[in-house]
Amino acid sequence: STVVKYYPYGVIEYFNYSAQDMADEVQSLSSAYYVCMEFLEKDTAITTPYYLSGTRVTGDGFVFDFDYYVNNTPVFISGGLIDTAGVEHAIEVVVDSGGVKKYKKYAFNFSLNNSSSGNISVDFLEAINSAMAVKGAGEYKIDDIKLGYYVSGSDSECGLSWFVDIEQSRTVINADTGDMMIR
């Protein structure tokens, strides 16, 4: 009744197909979150700290999304890795009927490299100006801007980048070099 899959790009998926004992009991967000956290605490392979980045309700149940962070700075997964691995967040847990129905995680642990300089040559305003230049002439609403580590999956080191969201498109700007990627 349980299936576990490991993919070569670093994703582990767990599916529980068994019927849960509490099938007729109404599940609340708080009870589902409690089940989720109990399950995550049992995964001793996760050594990178994580935080709850979102929740939603689907036909499968309550979905809890978590992302990693290093040195109080979030770690974001690149668009290419999202497309390849099928994950938008580092950890996704689906809880239904009092049990974990599905668990998916990007199975990498991150740590701070103290030998790296960690320079930020591109400041907040430069990042916004660069993202606006990509959009072209016109008036646009900036939805969000964040500073975080950018995981591409192709490199063992993650650099700091600015993540600028403007009207449903994300521009990622390397905080050291100013190089841009659009997602």
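**Notes on a buried glutamine and its surroundings**

1. Glutamine 27 counts as buried because its relative accessibility is 17%, where buried means under 20% relative accessible area with a 1.4 Å probe and protein chains only. The residue lies in the loop between strand 2 (11-16) and helix 1, helices (H or I, at least four residues) and strands (E, at least two) being DSSP runs numbered from the N terminus.

2. This is a predicted model, in which local features need pLDDT of at least 70, side-chain atom pairs count only at pLDDT 80 or more, and totals for chains, interfaces and linings use all residues. Residues are numbered from 1 along each chain as its sequence is written, and side-chain values use heavy atoms, with hydrogens and water left out.

3. The side chain of glutamine 27 reaches the backbone oxygen of valine 95 at 3.3 Å and the backbone nitrogen of serine 97 at 3.4 Å. Leaving aside neighbours within four places in sequence, the contacts of glutamine 27 (heavy atoms within 4.5 Å) include Phe62, Asp96 and Gly98.

4. Serine 97 belongs to the turn of a hairpin formed by strand 6 and strand 7, with two residues between them, and has a positive phi of about 55°. These two strands pair in the antiparallel sense over six bridges, pairing requiring that DSSP finds at least two bridges.

5. Five of the six residues of strand 6 are buried, so this strand is largely enclosed by the rest of the structure. Strand 4 is joined to strand 6 by five bridges in an antiparallel arrangement, with phenylalanine 64 opposite valine 93.

Note on methods:
Buried < 20%, exposed > 50% of the residue type's maximum accessible area, 1.4 Å probe, protein only. Polar contact = N/O pair within 3.5 Å; in protein donor to acceptor, adjacent residues only side chain to side chain.
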